[in-house]
2 protein chains.
Amino acid sequence: MKTANTIKEVRETVKEWRKQGLSIGFVPTMGYLHEGHMSLIERAAKENDKVVVSVFVNPTQFGPNEDLDNYPRSLERDTEICEKSGANLVFFPEASEMYFEDKSTSVSVSGLTTLLCGAKRPGHFDGVCLVVSKFFNIVTPDRAYFGEKDAQQLAVIKRFVRDLNFDIEIVGCPIVRECDGLAKSSRNAYLSKEERKSALILSQSLNKAKEALSKGETSANKIKDIIINSLSTEPLAKMDYVEVVDSLSLSPVENINAPILVAIAVYIGKTRLIDNFTY
Amino acid sequence: MKTANTIKEVRETVKEWRKQGLSIGFVPTMGYLHEGHMSLIERAAKENDKVVVSVFVNPTQFGPNEDLDNYPRSLERDTEICEKSGANLVFFPEASEMYFEDKSTSVSVSGLTTLLCGAKRPGHFDGVCLVVSKFFNIVTPDRAYFGEKDAQQLAVIKRFVRDLNFDIEIVGCPIVRECDGLAKSSRNAYLSKEERKSALILSQSLNKAKEALSKGETSANKIKDIIINSLSTEPLAKMDYVEVVDSLSLSPVENINAPILVAIAVYIGKTRLIDNFTY
């Protein structure tokens with residue numbers, strides 16, 4: 001497995017592969033890799049001749065009061081995990097390699113970004129669209145792999161790829177969970193032992209909603225109430241949002257008669273966690 | 001020479017060329033081709049194995065009161081000119097092929113777009129950035145050719161190509177003029193005989209400014225005054241803007257001590273014409 005710090009190195013490697021007619025899968029990450037990322041890399045390795053992983057804590061997708069500086073980092077461990085999972089090239093750029101000081105271009109998706117995390121993290125998805133567009137132009141993959149845990153991110157990326165005619169297949173991959181149900185996340189590293197236990201309330205509340213849906217519940221408000229009531233039983237949990245939206249347009253739903261996304265964001269202490277399912 | 005109406009056809013042709021290891025030049029146009037476009041296509045043919053020309057009157061770069069519906073069109077003649085100039089593929093998409101009804105992605109360049117045409121045509125450069133990004137992802141050229149007549153457009157495209165890491169060389173090509181000095185433009189077709197004569201005032205006023213610069217004038221205001229005074233001698237001409245800006249940042253200049261762009265926009269009757277030079 002190769003590693004690269006510069007755009008030039010990545011381009012050279014990718015062009016060599018292209019000359020040989022090889023297909024390329026791409027997994028963009030912010031590092032501190034866990035089994036969720038591993039599942040993306042492994043799938044990319046199955047479906048492509050070569051796999052590129054980027055590890056970049058992207059400053060443009062963090063708000064001024066968010067956890068950019070404290071975001072967990074672990075380059076050596078990340079490199080090992082990439083190699084073990086089947087990556088052929090890991091790209092670790094510095095911020096100065098990715099952004100000019102006088103950068104002045106933005107890539108924005110409207111509509112899809114007004115609700116859910118978009119409402120709570122202004123500018124977040126602009127930062128995601130910008131960095132992912134850049135990586136797509138640097139890596140020029142055939143397929144790119146994203147976790148369904150970041151459901152809104154996945155929908156936003158699919159939308160700009162369609163609108164800007166990127167010739168890249170966007171592959172969404174299922175949420176990977178701990179044995180007890182907590183969705184894997186790099187931010188789980190922030191949780192104290194007690195908070196780790198409380199964090200179970202996210203998946204538990206979603207399971208209750210799923211059960212109600214399977215029994216025929218069609219009112220989005222009732223589904224939300226089930227989740228909100230469940231969350232309120234956990235003293236360390238503070239709801240950020242609970243939403244039931246159309247799975248494609250991400251617009252709010254009242255009566256459930258088409259595919260939906262049920263998505264929640266919850267503070268456990270100071271750590272903001274998200275979880276979701278589609279139905 | 002091939003013609004194509006669909007993105008799929010273009011991708012298939014380009015992929016075939018790529019397999020053969022051929023380089024690709026690209027000339028995006030709004031059609032009604034003239035010698036200015038021909039010079040771009042000919043240069044692209046010299047510098048690349050294959051040349052793609054797009055002919056698309058892009059609705060997203062026209063304002064609500066601009067000349068979208070009346071913009072001159074001439075598909076048959078354009079096809080002939082492309083073939084004669086050395087194009088290998090001409091792409092004539094319908095608007096419905098290029099844009100989804102629920103399109104929701106924007107590509108914007110800030111800073112460079114606040115002055116000059118950007119100030120007079122709000123949203124214009126967003127439309128340009130969007131359509132050019134799309135064409136770049138469809139055609140995936142090695143080099144793309146743009147006229148220096150649209151100096152701000154060229155600067156904006158260079159900027160977003162840099163910021164989004166498109167692996168495409170942007171080549172600016174000199175303004176092509178009529179024998180009497182009028183810059184070639186599809187919009188010249190709007191001019192009556194009398195207006196055609198009046199339109200000469202654009203290049204004439206710029207020549208006066210050039211002369212003053214070559215004699216050592218370093219005050220941007222004096223250069224502007226020379227142009228404004230010259231334009232005012234022509235009764236059919238109505239100044240839209242006269243600007244002296246830094247040639248890279250397009251920000252206003254007071255004392256001329258680095259490369260500048262002198263750019264003007266002038267209404268001749270109802271027709272808005274632009275011209276410029278760098279110094």
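Tutor: Rings of Phe, Tyr and Trp (its six-membered ring) pair if their centres lie within 6.5 Å; planes under 30 degrees apart are stacked, over 60 edge-to-face, and the rest tilted. This is a predicted model, where local features need pLDDT of at least 70, side-chain atom pairs count only at pLDDT 80 or more, and totals for chains, interfaces and linings use all residues. Residues are numbered from 1 along each chain as its sequence is written, chains are lettered from A in the order in which they are written, and side-chain values use heavy atoms, leaving out hydrogens and water.

Student: OK, how many aromatic pairs over all chains?

Tutor: The count comes to 20.

Student: What about F136(A) and F166(A)?

Tutor: They're edge-to-face too, 5.6 Å centre to centre and 70° between the planes.

Student: Which residues form the aromatic cluster?

Tutor: Among them are F26(A), F56(A), Y99(A) and F146(A), along with F91(A), F135(A), F136(A) and F166(A).

Student: New topic: which ring does K210(A) lie over?

Tutor: K210(A) lies over the face of F277(A), 5.2 Å from the ring centre. The rule is NZ of Lys or CZ of Arg within 6 Å of the ring centre and within 35 degrees of the ring normal.
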